[in-house]
Each structure stands twice: as C-alpha cells, then as structure tokens.
Amino acid sequence: MTQETELKSLLTEQRFGLSVNRDILLAQARECANGYARATEGIAVISDFQNNECHIYSGKFGQNVMNLPEYMIDRNSAFEDIVFSHVKEDELVGRHVMELRFFNFIKGLSVKEKTNFSASYILSFYKTGTSEKVKILHTMRYFRCCDNGSVLLGLCTYVPYTVSHNQQNGIIVNLLTGETVGRDIYEACDRKILSRRQLEILSLLAKGVSSKQIADNLNISILRLKCIRISPKPGHILLAYYTHTRMICIVRNYALNRMNTGITAWCQFAHRALPMTITIRRSLVRMSI
C-alpha cells in the first residue's frame with residue numbers, strides 16, 4: 001500500500017459529523033479555489049474527503065506546464081493524482097510525510113483552530129513531455145471541519161517558487177498571526193506515527209550505526225530490521241524519509257569540516273555512511289511505486 005493510499009484512507013475514512021450546510025460550504029470553497037487560480041495563475045484544488053473527490057482549478061501556469069484544463073473534477077480520488085504525476089518521486093514522499101505531520105498536529109487543536117493553520121512544502125514539477133523541472137511552492141490547508149472535528153474539505157495550492165532554494169522546507173504557519181510553528185512542536189507528532197522501537201532505530205541509523213550493530217543492540221534479526229526500513233506503512237515511510245535526510249545532513253557536515261577531522265577519519269566515515277544513504281534512497285523509490 002503506497003503512502004498516498006494510506007493518506008487517502010486516513011482522510012476519507014473519518015467519522016464525518018452531520019453538516020446541514022455542506023453544499024453551501026463546498027460551493028464557497030470552490031469559489032475561493034477558482035478565485036485563487038485566476039488571481040495567481042497557479043493551481044488550486046478542493047479535496048472533498050467525505051465524497052472522495054476533488055475539484056481542480058488551473059490558471060495559465062497549470063495550463064501551460066501540465067496541460068490542465070481550466071476546471072476539472074476527479075470523482076475517483078480526493079487527491080489531485082494528475083498533479084502528483086508531475087512531481088519527483090522522492091519529493092512526493094516528503095510531501096506526504098509533511099501532511100501526515102500536519103494532520104497529527106491539528107488533531108490536538110479545537111475545531112475552531114484547525115482551519116487557522118497551513119503547511120507548505122517545496123516541490124519540483126516536470127513540464128509535460130519534457131525533463132525540464134520547475135520549482136513549486138505547495139501549500140495545504142484544511143478548509144472546513146465538521147462539528148466533531150473531522151476534516152471535511154481541504155485546499156491545496158501550487159504556484160511557482162522564486163525564493164532562494166536554501167529556505168527551510170516543510171513548515172506550518174498560523175494564518176491569523178503569521179507565526180511559524182516550531183519544527184520541534186510538530187515533529188513531536190512523529191511519536192504518533194513512529195513507535196518507540198522505530199524511534200530507537202531512527203536514532204541509531206542517524207548516528208551511522210550499522211544494521212548488524214542495531215540488530216544486535218535491539219535483539220532483532222537483520223531481516224526484521226530491513227522489513228521495518230522498507231515497509232510502506234506511514235510510520236515506516238517517515239522512518240526511511242527522516243533517516244535519509246538526517247544522514248545527508250551528517251555527511252554534508254562532515255564534508256564541510258573534513259579538514260579538521262582528518263582525511264583518514266573522513267574516509268572511514270564516508271565508507272560506512274554513503275552506502276547507507278544510497279540504500280535508504282532506494283527504499284524510498286521502491287515505496288513510491
């Protein structure tokens with residue numbers, strides 16, 4: 001089961017409360033999405049989680065880059081599959097991980113507060129029929145909620161991203177105050193996705209400990225450890241993605257300071273760490289198929 005299927009199940013199988021104004025709320029949300037697409041020439045998607053369908057509005061950018069019509073409805077999915085098909089596979093994994101974190105973050109908020117936050121992520125889009133890529137700022141927001149707290153409608157937007165690519169990726173913002181939620185706060189929600197054992201494995205992998213040493217320390221088999229690292233369940237997806245990004249940071253930091261650590265120590269570390277990052281990256285690709 002892919003990451004996207006897991007997210008669909010999470011959002012479309014909620015216990016939706018009664019909403020006498022549901023049709024009015026959907027009409028208002030669609031009007032907002034249409035206005036956004038026209039004003040920015042970007043893409044705006046309304047996800048109807050209760051009916052498991054989505055409404056896609058596209059400005060000139062979406063029409064030119066992805067050959068999207070000005071408006072279309074997908075009655076088979078609450079997710080914009082036609083848009084996701086243009087995203088790099090590893091970045092799509094990251095995007096789904098971000099929404100898992102966002103969904104778990106708002107679970108702890110009151111019904112009135114849930115719609116006050118948005119999450120954003122930077123993606124690379126492939127232009128239709130070419131290998132040319134375009135950087136995109138993708139924003140997700142849960143637009144309307146039922147009285148029982150379940151998410152009824154979601155709004156996702158896509159516009160060209162022109163800011164420096166070194167900016168922080170994956171953030172949650174309070175739309176009323178403009179304040180950014182601390183990464184430590186929403187990453188604490190990972191504990192709702194990862195078990196204690198998975199967090200232990202994550203910590204050891206990020207330190208460069210070998211699979212055999214981890215298996216010995218935790219009294220589990222190598223086969224069991226490999227299953228945890230490549231399983232497509234939400235927690236395991238986050239484990240693989242999070243480990244990959246942590247290892248890249250560790251390797252990069254060692255590279256920047258290799259003159260101080262000594263060339264011998266650097267070579268020993270690279271010999272052990274770089275194959276791990278390749279293994280993790282291959283696991284991410286397998287999970288996204």
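Valine 45 of strand S1 (43-48) stands opposite isoleucine 56 in S2. The structure is a predicted model, in which local features need pLDDT of at least 70, side-chain atom pairs count only at pLDDT 80 or more, and totals for chains, interfaces and linings use all residues. Residues are numbered from 1 along each chain as its sequence is written, and side-chain values use heavy atoms, with hydrogens and water left out. Helices (H or I, at least four residues) and strands (E, at least two) are DSSP runs, numbered from the N terminus.

Strands S1 and S2 run antiparallel and are joined by six bridges; two strands pair if DSSP finds at least two bridges between them. S1 is also joined by six bridges to strand S6 (residues 151-160), again in antiparallel fashion, and isoleucine 43 stands opposite tyrosine 158 in S6. Six of the six residues of S1 are buried, where buried means under 20% relative accessible area, exposed over 50%, and partly exposed in between (1.4 Å probe, protein chains only). Ile43, Val45 and Ser47 point one way from S1, whereas Ala44, Ile46 and Asp48 point the other way.

S1 and S2 form a hairpin with four residues between them, and asparagine 52 in the turn has a positive phi of about 55°. Most residues other than glycine have a negative phi. Asparagine 52 counts as partly exposed because its relative accessibility is 28%. Asparagine 67, in the loop between helix H3 (60-66) and strand S3 (71-74), likewise has a positive phi, near 55°. Its relative accessibility is 55%, so asparagine 67 counts as exposed.
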